[in-house]
Amino acid sequence: MKGIFSGLIALAIMGIPSIADAQAQRSKEFKDKYQLKEAVVLSRHNIRSPLSDSKSDLGRMTPHKWTDWSAAKSELTSRGGALETMMGQYFRKWAVDAGMFPENYVPTADDLNVIANSMQRCNATAQDVTSGVMPVGGVRVNHRYTPSKMDPLFNPQLTKVSPEFVEIAMKQINDMGGKKGIVGINEAIAPDYALMTEVLDVKDSPMAKANDPKLKALDNYNTEIVLEKWAEPSMKSGSALKELNSASDAFILQYYEEPDTLKAAFGHKLTRADWERLAHIKDVYQDALFTAPIVAVNVARPLIQYMYDELRSPDRRFTFLVGHDSNLSSVATALGVEPYELPAA
């Protein structure tokens, strides 16, 4: 499913001046002709618990109890740690097969760099991936601050904002919704909203029983976006996209945390396509905030510069960066990366 589990952007330098995709399966002829010299991988953290707890609006929006997460709010879950170790094992086999490192390699500070945002979920993800990539390497994870604090390198904040910038950015965002702009973005996923409120059983929720005026937000398609210097692009509270994004996020995390799929859907029998529709809400939320071209270039610049510097480092062979989905969205857009989905994923 697009955007549900984890994503990454990989750049690799070969023995010729070109950029190739980082895929494991290469023909013998290809491997005889080209030698992989260096790779830079940008990944988001693995499965975390929701950013909101059961006492928040997220908890009051449904009569059901969310799963008992194996980690505190916003932190990496046990399942996330296990999956990230498996991800590291994949990269280990890939790197060994590509001839970058021998099996059970012990790296130096010059040829390997693993750097994470200082948020707990990113730092923990980096620790787990290194145990899979180089299990006997004693790899050190680099991070700037004590968890959990945002590192400016990974913070998708706007560094330059002017009236002209806001005008262009809002035009690009509105263009995503066609003639109706922001309202059009919301109307395009209105069926997904309807499925979300049905699965949440919002009509029977504490919020509904209290006749909470916040429920009116679920009918508001005029989402307000805030673009301010030294802040992440954000949405004001009070619109369907803003409020249901947190539910979309929590549902997909619950899908992976809870072994019983029926229980994960609060007793509703959902198809794979239904789960994709629930996930689609958060994908649209990310796109609206971080994939307008002028916004993406603005917020992704520090991270792209860092990745470029790593590629130019003469002794570096492998760099692994752990950030957030906002980093993936903005960097991929700024670099012009084309959409790609794994077959049957």
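A nonpolar core is a set of buried Ala, Val, Leu, Ile, Met, Phe, Trp, Tyr and Cys residues joined through side-chain atoms within 4.5 Å. Buried means under 20% relative accessible area, exposed over 50%, and partly exposed in between (1.4 Å probe, protein chains only).

This model is predicted: local features need pLDDT of at least 70, side-chain atom pairs count only at pLDDT 80 or more, and totals for chains, interfaces and linings use all residues. Residues are numbered from 1 along each chain as its sequence is written, and side-chain values use heavy atoms, with hydrogens and water left out.

**Stop one: the largest core.** Select Met196, Leu200, Leu241, Leu244, Phe251 and Trp275. These have the most contacts inside the largest nonpolar core, which has 45 residues. Helix α11 (272–290) is among the elements that give two or more residues to this core; helices are DSSP runs of H or I, at least four residues, and strands are runs of E, at least two, numbered from the N terminus. The largest share, 9 residues, comes from α11.

**Stop two: an aromatic pair.** Select Trp66 and Phe251. They form an edge-to-face pair, 5.1 Å centre to centre with 65° between the planes. Rings of Phe, Tyr and Trp (its six-membered ring) pair if their centres lie within 6.5 Å; planes under 30 degrees apart count as stacked, over 60 as edge-to-face, the rest as tilted. Trp66 is buried at 9%, and Phe251 is buried at 0%.

**Stop three: strand β3.** Select residues 38–44. In β3, 7 of 7 residues are buried. Glu38, Val40, Leu42 and Arg44 point one way, and Ala39, Val41 and Ser43 the other.
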